[in-house]
Amino acid sequence: MMLPNLEVPLRHADFSLEEHHLMLQEAFRSFFKDRCPIERVREAESGFDPTLWAELQDLRPIAMAVPERSGGDGAGLAELVVVAEEFGRRVAPVPLVEAAVTARLLARFADRLPTDLLRTVLDGSTIATLALHPGLPGVMQLIPSAAVADVVVGLVDDQLVMVTNHTKPATVTNQANAPLGRFNLSQHDGSTTVLALGDDARSAFDSAQREWKLIMAAAQIGIAQTSIDIAVAYARERRAFGTLIGAFQAIAHPLVDAAMATETSRRLCYKAAWWADHGHHDQRKHIPFAYLSAHDAAVLATKVGIHTLGGVGFTVESDLELFFRCSKGWTLVAGDPNRVLDEIAAELYGPAA
Amino acid sequence: MKFSEIELSETDSLFLKEVRAFLDEHLTEEVHQEEWETGSGHNVGFHKALGQRGWILPTWPVAQGGAGLTESQAAILQHELVVRNAPSITKGTTTLALPAIMSYGDPELAAQIACGVAIGDICICLGYTEPDAGSDLATVRTKATRDGDEWRIDGQKMFTTGAHNSHYSFLLARTDPDLPRHKGVTMFLVPLEGVEIRAINTLGGERTNMVYFDGHRVHDRYRLGEVNRGWSVLLGPLNAEHGIRHDAMAVESRGGMYGHAGSIALEYMEQWAQTPSAVDGRRPIDDPHIRRRMARAALSVEQMSTAPGPMGRIVSSELLIEIAADFSDMLGPDGLLPPGTTGAPCDGWIEYAHRYAQGTAIYGGTTDVHRNIVAEHILGLPRSTPKV
């Protein structure tokens, strides 16, 4: 039998972090380690700690991945992915993912924005968030960080708009204890700035949705990694039946599965970020790949983590409980994660019939 | 980070052309056909042609039978061999064993073996597994008994893939039954002339072997390393096979080999899914049910070649098993038709892949053994298998 001759180009498969990535990783890792102990996550009212947010701005995470011509620091999604993993490792109660992605979106329309708006978004004093679904007339949308954001950006009636969030909606109680709020892009008491119309609006919104998925994927990797770290540390100390429980394959192998899923997804995030930064339209599939893979990894790692700790993992005192809540709680606002299979299929096989 | 297509230097582009021309000439339809029929994992003519170019040990100096290739040229060669589905199993076992032979063998013998390997005259199989010793290799019972300048080998080796292609077996034998199990074993490079080899055929169509040693005599010069210190001789090749290096997370993916099998299966299915069905004229990909499963399979194939080191080995074989089963389901009853059968969709490749995939989680160290490796070496969990 002759097998099909696949034209497989010889590609680099370099997943290593460069020097500046490692410096970023170290800077944000030590920031979150020092300033965001798990007690601070628990204490954050409605999932937002304004002091932590202000402290975080010393590292300029929002300006980082915005072009220099718009007042940013000119880094890209690869750098943002590295930072977001560190944020996810501590489930820090700050709207980092939304704000960083929305800042990149706003920077594309800097000339349409009120004076000084972009500058204050970049320095964190104005919190910008993204409505992850196109707005429908008369329908309130659950929007991440809408309870704390100063401006909400989204697509409504084929317009990309920025709306000031005057009367911040109350936090809607939710699994992740995130500052979710209900907001309607076309009915509100704020002022609206139209950023783009028609195709321009749709394509900019599509980019922002995709970037949110990529950066959220990296945050999910952080959630998964910490869950594994907590469970491994426990399995190395806890004894049962006269031995360390980590020596039982029934404990160890599920942790291995979680670690494999996490490492694979981390690499998919790097790859997706690299392709997105390098503007290759034919490589768009990598973002939904990374998003679904990371979501699955976080769901698996938090599940295995809780199970490894047994009853202790299931109590509200367990740190794992917080990570578990954010694994679904942070992603589900974007809709059923399995729906990204349709995005993958569209990239690979064209539009659905 | 870097994922772009590799821009070849002028020298490397010429080299790629040379490799492709070589494969067009030597990797013929007959070679593929023979491999398909025998599952031998080896083709003598093709292997010798590789050897003549110095491409069995491609980075070795020309004077030692290699081709003095740079790392990038060696990567090009390897890539082309994989994507063109060149038979490679026996070449793989041969080159896995060679470093240990060079380090531990009698220098004169090692030089002679290396030379023969390089030019394609000598092949080596791995004589590890026995009917009663697989994952737990240290329980091997094949005995080597000293008799003057010689050793007498008695026992059976099982699943010695490529033994029928090989001139030597890189053999693990017990030399002192009274010592603790890891300590009473010795490695030998056993010439296979006169040894009985019987075929074992597998579900995946590959041939492997039973090898019977019945008082087989081997001169002491074929011993590798000190007597009863065989475990340390074996460890290098074993770790290489398991994808373990010191920096286990930094190794390039070993998923590649099954990743390619996954890519072929996906390619076949993509063609199938985008072709209007003879029954109702509709393309399967327009059925939302098929569409999402194809997308999920595409993600799986990406994951197969992404996971690093021993993780890659586990992820790639297990996902191959999963996608092959799911692809079979999508094809429906026709998915049961093997290659060569009239009406077999995807040339029967999916039916074949569904069988073949099962073996990938077993040979070369099972996925279970690899999970132990990840647990202990990467996660730092305590050892799970008892130390006997």
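Me: What classes of residue make up the lining of the largest cavity?
Reply: Three nonpolar, six polar and one charged. Ala, Val, Leu, Ile, Met, Phe, Trp, Tyr, Cys and Pro count as nonpolar, Asp, Glu, Lys and Arg as charged, and the others, Gly among them, as polar. This is a predicted model: local features need pLDDT of at least 70, side-chain atom pairs count only at pLDDT 80 or more, and totals for chains, interfaces and linings use all residues. Residues are numbered from 1 along each chain as its sequence is written, chains are lettered from A and ligands numbered from 1 in the order written, and side-chain values use heavy atoms, without hydrogens and water.

Me: Which residues line it?
Reply: B:G41, B:H42, B:N43, B:F46, B:H47, B:P87, B:S88, B:I89, B:T90 and B:K91. A cavity is a set of points on a 1 Å grid over the protein atoms alone where a 1.4 Å probe fits but cannot get out; lining residues have an atom within 4 Å of a point.

Me: Which helix gives the most?
Reply: Helix 5 of chain B, with three residues. Helix 3 (44-52) and helix 5 (89-104) of that chain each supply at least two. Helices are DSSP runs (H or I, at least four residues), numbered from the N terminus.

Me: What volume does it have?
Reply: About 40 Å³. That is the space filled by probe spheres set on the points, which are joined across faces, edges and corners.

Me: Switching to the largest nonpolar core. Which residues touch the most other members?
Reply: A:L106, A:L160, A:W212, A:W330, B:M294 and B:F327, out of 157 residues. Helix 8 (residues 198-235) of chain A gives the most to this core, 18 residues. A nonpolar core is a set of buried Ala, Val, Leu, Ile, Met, Phe, Trp, Tyr and Cys residues joined through side-chain atoms within 4.5 Å. Buried means under 20% relative accessible area, exposed over 50%, partly exposed in between (1.4 Å probe, protein chains only).

Me: What about B:C346, where does it lie?
Reply: In the loop between helix 10 (309-331) and helix 11 (349-360) of chain B. B:C346 has phi near 55°, positive in a residue other than glycine. At 11% relative accessibility, B:C346 counts as buried.

Me: And B:D347, what is its phi?
Reply: Near 55°, a positive value in a residue other than glycine. B:D347 is partly exposed, at 41%.

Definitions and conventions
On a 1 Å grid over the protein atoms alone, a cavity is a set of points where a 1.4 Å probe fits but cannot get out, and a pocket is an open set with protein on both sides within 12 Å along at least five of seven lines; lining residues have an atom within 4 Å of a point.
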